[in-house]
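Biologist: Hi! Could you walk me through this one while we both have it on screen?
Modeller: Happy to, just ask away.

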Amino acid sequence: MKITLSVIKADIGSIGGHIKPSGRLFKTVQDYIATNGSGLIKDFYTSYTGDDIAILMSHTRGKLDSKIHKLAWDAFLAGTDVARKQGLYGAGQDLLKDTFSGNVRGMGPAVAEMQFNERPNEPFLFFAADKTEPGAYNLPMYLTFADPMNTPGLLLQPNLTKGFKFTIMDVSYTKGDRVIELKTPEDLYNIAALLRDNDRYVIESITSRDSGEPAAAVSTTRLHNIAGKYTGKDDPVALVRVQHDFPATGEVLAPYARGHFVGGGMRGSHHMPLMPLKINSPTSYFDGPPMVSCAAFCVHNGKFTEPADCFDHPFWDHVRDKVARKSIEMREQGFSGPAMLPFTELEYGGIVKILDSMNKKFTVRKK
Ligand code: F6R
Ligand code: MG
Ligand code: MG
């Protein structure tokens, strides 16, 4: 059966700042999909990561389907009503447009979708990240799909040795989708040269060269490109098919043990390490650290199993301790140098005003 997995996520309000959605808000979104999705979707699952609610759906309607996207959009509108009534912070924050126009791309919510012929057993992973940008997945995806140091399957499994096709988007280009397709192993250096720059070049999808089947999809939404100003970090979602023709689950998870530095954290304007956390975890230290959660499923005839929480294991306690240490070390750096994002990525315009006001007071000494 050809099925589509669609994950659509948005921040539509949270408790105590940017920490987590209220129970009532979360239940409103969940109930909306349960009530209005019947006949349209095969199955769904909702979770939150920090202040973001994600709706994962399976259906047979293909990618960018207007009815599926409208279902999620309307669920977020219903949630926003509750968020406003409860006085939650940032109610409706990621819903940047007033009227729905075909699909949620360019409207604020993040979306990642994959359409494929379901294998007899079809395991996949659903990632959600908060307080960071889509480029946060660049390094983990590169290591998983392109580096045999991380993924022995690239050497051991004949279906994987043929490599993968990376579709990479230039997210700073706003007039349309500016993309490039590059292949492993021959384009490894070109891929690395682009993925180095998390702000600008973002993996949109990865496809198997052996079967032509989709392997991974990442949301590429940059909220500031839509709103014309910073309205919060993009907080990306991703889907990855695993095992057999694709990397093993452990090969996809392994790169997150690094706790690599990404853009995000406090006021979306810092470099902080990415912490792997359990599903439905809140935000904490320094509006972060930037976090990622991962739910593993099998899907059969469009029906999901219950999720396995990939980062709920003692191994990741050790990683979390390391990431906490890295966070504190970076925060000891204050505003200096690499602690903060480059000028163009800061979430606030205040610093522009400060610099403008001083610019007028600078003088050039006469020789
Ligand atoms: C991302 C997130 C941050 C905030 C940003 C704005 O989930 O919460 O990117 O959106 O720090 O915060 P306020 O609205 O307090 O200025
Ligand atoms: Mg937020
Ligand atoms: Mg968020």
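**Cavities, metals and a sheet**

Modeller: Let me begin with the second largest cavity: helix 3 (residues 138-146) gives the most to its lining, with 3 residues. Bear in mind that this is a predicted model.

Biologist: Thanks! Which residues line the second largest cavity?
Modeller: The lining of the second largest cavity is made up of Phe127, Pro140, Met141, Thr144, Val240, Val252 and Tyr256.

Biologist: What lines the largest cavity, then?
Modeller: Its lining consists of Tyr45, Ser47, Tyr48, Thr49, Phe126, Ile279, Ser293, Cys294 and Ala295. Strand 2 supplies the largest share, 4 residues, and both strand 2 and strand 14 (291-300) supply at least two each. By class, that lining has 6 nonpolar and 3 polar residues, and no charged ones.

Biologist: How many bridges join strand 2 to strand 3?
Modeller: These antiparallel strands are joined by 7 bridges. If you want a spot to look at, Asp43 stands opposite Ser58 in strand 3.

Biologist: Switching to the metals: what coordinates the magnesium ion (ligand 2)?
Modeller: Asp11 (OD) and Asp51 (OD) do, at 2.1 to 2.3 Å. The two come from distant parts of the chain, 40 residues apart. Asp11 is in the loop between strand 1 (2-10) and helix 1 (23-36), while Asp51 is in the loop between strand 2 (43-49) and strand 3 (52-59).

Biologist: And which residue bridges ligand 2 and the magnesium ion (ligand 3)?
Modeller: That is Asp51, and the two ions lie 3.2 Å apart.

Biologist: Is Asp51 buried or exposed?
Modeller: Asp51 counts as buried because its relative accessibility is 2%, and buried means under 20%. Asp11 also has 2% relative accessibility, so Asp11 counts as buried as well.

How values were computed:
Residues numbered from 1 in each chain as written. Chains lettered and ligands numbered in written order. Predicted model: local features only at pLDDT ≥ 70, side-chain atom pairs only at ≥ 80, totals over all residues. Heavy atoms only, no water. Donors = N, O, S within 2.8 Å, 3.2 Å for Na, K, Ca; no water. Buried < 20%, exposed > 50% of the residue type's maximum accessible area, 1.4 Å probe, protein only. 1 Å grid on protein atoms, 1.4 Å probe; cavity = no way out; pocket = protein on both sides within 12 Å on 5 of 7 lines; lining within 4 Å. Nonpolar A, V, L, I, M, F, W, Y, C, P; charged D, E, K, R; others polar. Pairing = 2+ DSSP bridges.
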